[in-house]
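These are my notebook entries on a single structure. I set down what I looked up, in the order of the topics below.

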Amino acid sequence: MSVTTENEEVKKRNFVDEFEAPDFYHLDDLLTEEHKLIRDSVRDFVKKEITPFIEDWAEKNHFPEEMVKKFGEVGAFGPTLPLEYGCGGLDNISYGLIMQEIERGDSSMRSTASVQGSLVMFPIYSFGSEEQRKKYLPKLASGEMLGCFGLTEPNHGSNPSGMETHFEDKGDHYLLNGAKMWISNAPQADVAVVWAKNEEGRIHGLIVERGMEGFTTPETHGKWSLRASCTGELVFSDVKIPKENLLPGMSGLGAPLKCLDKARYGIAWGAVGAAMDCYDSARRYSLERIQFDKPIASFQLVQKKLAEMLTEITKAQLLNWKLGVMMDNGTARTEQISMAKRNSVEIALNIAREARQIHGGMGITGEYPMMRHMMNLESVVTYEGTHDIHLLILGANITGISAFS
Ligand code: TGC
Ligand code: FAD
C-alpha cells in the first residue's frame, strides 16, 4: 500500500523491516541456545517472507497459498509433535516463540499455522489411530496439505456443547449433516477435523476430506480483520464418511477443548508478538518525528505511553514463559491458559491503539503495522473463546461456581 505523503524519509525507512524485539527483563537468559536459534531463524523468515508483503496481502484480502509450504519448511506446523511423523519434536517454549515471531508479522499468518498445528495435527496425533497419524501428519507438517478445525456453528459459538452437526451410523459408513461457520483455512483446506454428535448426542471428531460428495466450503467475505487469512463455512449434506475417519482416542466436548488449550497457549505468545511490533514501531517513530523542534520522544506523555507499553509486554513475556514451563512439565491448567490468552490479547490491543496514536495521522496508514494488528486482534480477542468467556473460565475457577450452567 502506498500513501501520498511528502515525508519520503519516513516512507523509505519502512520498506525495510527494522524490527528490534524488546527484551527488558532479559528473557533471553531463560531461553536455551536452541530456543534462541529457533526464535532467530523464524524472526529472519518473517522479515524475508511476511513483512515485505503483508500490507499488500491484507489490503487485497489475499491468502498467500504459497506460505503453506514455506511454513512447513520453517517447521511452523506441529512443532511439538514427534519427529517420526515429520514434526519438530520441540518443547512448548519453542512453539510459543515460533507463534510470537509469526504473529509479530501478522495474526493471519499465525492463525494459519496455529490451526494447522494445534487444531488439526494435535487432535490427529492425540486422538487418532496410528494409520490416521501416518496418513495425515507428515503431509500436514510439510505443508503439502492444509487443514481446518470445525467446532463453531451458526447457532453455537461460545457454547459449542449445543452443536447441531451430527452423524448417523449406516453400517459401513457414517452419514454427516450440519454446518460449521467462521472456520479459518476452510476455503483452501484439503482436510477438516470436524466435531459432531452421534445418535446418542456424544461429540466425536471426524476427518473430512475435500472432494467427499456433499461437502462444500463457501468463503466468508467482507472481513475487516485477518484479511490475509481465508475464512469460510463447512457445509455437510449427507456426506458419507468412511468409518476409519473417526478419531477413536477421545470423545466428548473435552476433546476439542483439549485442542483449544494448545492453540490458546500459542495465541498467548502470538499476541505479544503483535504488541512487540507496535511498540517497536512507536519507539522508532517517536525518535524520528520532530514537532515543536524536538523529537516527540522527548515529550513526557509519549514517554509515558512507551514506558507503559514496555511494562505490559515484559509482564506478558514472563507470564508466557512460565506457562510454557508448566505446559512442558504437564501442570498447566485450562484456567492458566485462559489468563495468558486473555491478558496477551488485551495488552496487545491497548498497545496497538497507543502506538497508533504516537504515529499521529501516519498511524492510520498501511505504512505502519498498527491498524492492521489492531483489526486482526479484534478477531483474536473473539476466537478461541471470547475475552469474556475466558474471564468466566477464571471466575469459575476462583469461586467454584460456573457462570455457564
Ligand atoms: P464444561 O462443562 O466446562 O466442560 C465440558 C466437558 O469438557 C471437559 N473439559 C475439558 N477437558 C479437557 N480439556 C479442557 N481444557 C477441558 N475443559 C473442560 C469438562 O471436564 C467436561 O467433561 P465431562 O466429562 O464432565 O463432560 O463445558 P461447558 O459446556 O460449560 O462450556 C465451557 C466453555 C464455555 C468454557 C467452553 O465450551 C468454551 O471454551 N467456549 C468457547 C468456545 C471456543 O473457544 N471456541 C473456539 C472455536 S475454534 C477457534 O476459534 C479457532 S480460531 C483459530 C485461529 O484462526 O487461530
Ligand atoms: P457468541 O458466542 O454469539 O458471543 C457473542 C457475545 O456474547 C460475545 O461477546 C460473548 O463473550 C458473549 N457471551 C456469550 N455467552 C456468554 C456468557 N455465558 N456470558 C457472558 N457473555 C457471553 N471457530 C472454529 O471452530 N474454527 C475456526 O477455525 C475458527 N476461526 C475463526 C476465525 C475468525 C476470523 C473468527 C472471527 C472466528 C473464528 N472461529 C472459529 C469462531 C470463534 O471461535 C467464535 O467466533 C467465538 O467462539 C465466539 O462465538 P460467536 O462468534 O458465535 O459469538
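**Entry 1: ligand 1**

Which atom of ligand 1 lies 3.2 Å from a polar side-chain atom of Arg-110? I found that it is an oxygen atom of the ligand. I note here that the model is a predicted one.

A polar side-chain atom of Tyr-383 is 3.3 Å from an oxygen atom of ligand 1. Gly-254 contributes through its backbone, where a polar atom lies 3.3 Å from an oxygen atom of the ligand. On its own, ligand 1 has 1200 Å² of accessible area, and I recorded that the protein covers 68% of it.

I also listed the surroundings of the ligand. There are 26 residues around ligand 1, and those that come nearest are Ser-111, Ser-184, Arg-264, Thr-334 and Glu-384.

**Entry 2: strand S7**

I next traced the partners of strand S7, which spans residues 231–242. Strand S3, residues 173–184, pairs with S7 in the antiparallel sense over nine bridges. Within S7, Gly-232 is the residue opposite Ile-183.

Strand S6, residues 215–216, also pairs with S7 in the antiparallel sense, here over two bridges. I looked up Phe-215 and found its bridge partner in S7 to be Phe-236.

**Entry 3: cysteines**

How many disulfides does a search of the whole structure find? I recorded zero. Cys-87 is in no disulfide, and the nearest cysteine sulfur, that of Cys-259, is 14 Å away.

Technical notes:
Residues are numbered from 1 along each chain as its sequence is written. Chains are lettered from A and ligands numbered from 1 in the order in which they are written. This is a predicted model: local features need pLDDT of at least 70, side-chain atom pairs count only at pLDDT 80 or more; totals for chains, interfaces and linings use all residues. Side-chain values use heavy atoms; hydrogens and water are left out. Two strands pair if DSSP finds at least two bridges between them. Helices (H or I, at least four residues) and strands (E, at least two) are DSSP runs, numbered from the N terminus. A disulfide is a pair of cysteine sulfur atoms within 2.5 Å. A residue is near a molecule or strand if one of its heavy atoms lies within 4 Å of it. A polar contact is a pair of N or O atoms within 3.5 Å; within protein, one must be able to donate a hydrogen and the other to accept it, and residues adjacent in sequence count only if both atoms are side-chain atoms. Accessible areas come from the Shrake-Rupley method with a 1.4 Å probe; for residues, only the protein chains shown count as cover.
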